[in-house]
Amino acid sequence: METKETMTLLSLLLSANPPKPTVTGAKVAAEDQPYTTTCSVTHTCPSQRPNLTWSRGEDGKINELHRELPFGNWEVLSILTFTPKEQDDHSEVTCTAHFKGGERSSATVTVYLKRKESYSYIIIPAVVGTITAVILGAAFFVILKKYRKRISELQNQDGSVWNRLSRLSNRTSDKIRKSSNQKISKPRFPSPERQRSQQTSFNYKEDPDGDDYINTADLQIYGNL
C-alpha cells in the first residue's frame, strides 16, 4: 500500500511540476560552421512522451531519439544542427518540452559566435590595385600603339618629301654642273697685222672740203653695195 501511495504521489508531483529540459552544447560557435546543441527531458510514460521544439528549428536540422532509462524512466533527446551567421552572435536558442495536458517547460542557451578571419582589408585593395593596373596597362598599350602608328605615318610622309627634295636637288646640281662645263666664248680681237691689212684695203682719203665721195674707190664700193 505504501508503494502505491508513493507512486501516486510522485505522479501527482510530476504532473504538477513537469520536468525541465536540459540543453547542452558548446558555448562558442564558429561563424559559417555547423553548430550542434542537444535538448533532453525525462518522463515515465513511453506511450505519452513529451514533444521537444526549438526556437531555431525552422533554419536547422532536427534529429530525435527516445531511449529507456533505469528505474522505469524514459528520455527524449532532440539534436539541433544549424549554421550560425554574423547576426547570431550572443543569440539565445530555446528548447521547449510540451507535455500531455498542455503543460510545458523550457531551457535556453546563449550562443557566442567566433567570427571567421577576414582578409577583406587586404584582398579588396589588392583586387582594386590589380584591376587599376590592368586598365592603365591596356590604356598605355593602346596609346603606344597609336603613337607608333602615327610616327610611322610621319616617317613615310617625311621620306616622300625628302625623296622629292633630293631629286630636285640632284636636278639643280646637274644643271649647275652642265652650265659650269660649258665653255665661255671670249671675243677675239684682231691682231695688229690684220688691223693694218684692213686699213690698207680701203683707199679712203678724207676730202679737204668735207665731201666723203671724192674718193673714187669708195664710190665704186658704195655703188657695188
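How many helices and how many strands make up the secondary structure of the protein chain? The chain comprises four helices and eight strands, where helices (H or I, at least four residues) and strands (E, at least two) are DSSP runs numbered from the N terminus. Read from the N terminus, these elements follow the order α-β-β-β-β-β-β-β-β-α-α-α. The model is a predicted one, in which local features need pLDDT of at least 70 and side-chain atom pairs count only at pLDDT 80 or more, whereas totals for chains, interfaces and linings use all residues. Residues are numbered from 1 along each chain as its sequence is written, and side-chain values use heavy atoms, with hydrogens and water left out.

Of the 225 residues of the protein chain, 17% are buried, a term that denotes under 20% relative accessible area, with exposed meaning over 50% and partly exposed the range in between (1.4 Å probe, protein chains only). The chain exposes about 18300 Å², of which carbon and sulfur atoms supply 56%; accessible areas come from the Shrake-Rupley method with a 1.4 Å probe, and for residues only the protein chains shown count as cover. Among contacts (heavy atoms within 4.5 Å) with a separation of 6 or more, 55% are accounted for by residues 24 or more positions apart.

One disulfide is found in the model, the criterion being a pair of cysteine sulfur atoms within 2.5 Å. The disulfide is formed by C39 and C95, with their sulfur atoms 1.9 Å apart, and it links distant parts of the chain, since C39 lies in strand β3 (residues 35–43) and C95 in strand β7 (residues 91–98), 56 residues apart. The torsion about the S-S bond is about -80 degrees, so the disulfide is left-handed. Both C39 and C95 are buried, whereas C45 is partly exposed, with a relative accessible area of 28%.

Strand β3 also contributes to the one aromatic pair that was counted; rings of Phe, Tyr and Trp (its six-membered ring) pair if their centres lie within 6.5 Å, planes under 30 degrees apart being stacked, over 60 edge-to-face and the rest tilted. Y35 and F82 are both buried. F99, in the loop between β7 and β8, is likewise buried, at 16% relative accessibility, and beyond its neighbours within four places in sequence its contacts include P18, P19, V41 and P50.

Five salt bridges were counted, each defined by a side-chain nitrogen of Lys or Arg within 4 Å of a carboxyl oxygen of Asp or Glu. One of them joins K85 and D32 (3.3 Å, N to O); K85 lies in the loop between β6 and β7 and D32 in the loop between β2 (28–30) and β3, so the pair ties together parts that are 53 residues apart in sequence. In the salt bridge between R67 and E75 (2.6 Å, N to O), R67 is partly exposed at 45%, while E75 is buried at 11%. D89 and R115 form another salt bridge (4.0 Å, N to O), and salt bridges that share partners join E86, D89 and R115 into one network.

On the surface, I123, V127, I131 and I135 form a nonpolar patch with about 360 Å² of accessible area together. Patches are made of residues with over 30% relative accessible area and no salt bridge, like charges being joined within 9 Å and nonpolar side chains (Val, Leu, Ile, Met, Phe, Trp, Tyr) within 5 Å. I131 lies in helix α2 (residues 120–181) and is partly exposed, with a relative accessible area of 47%.
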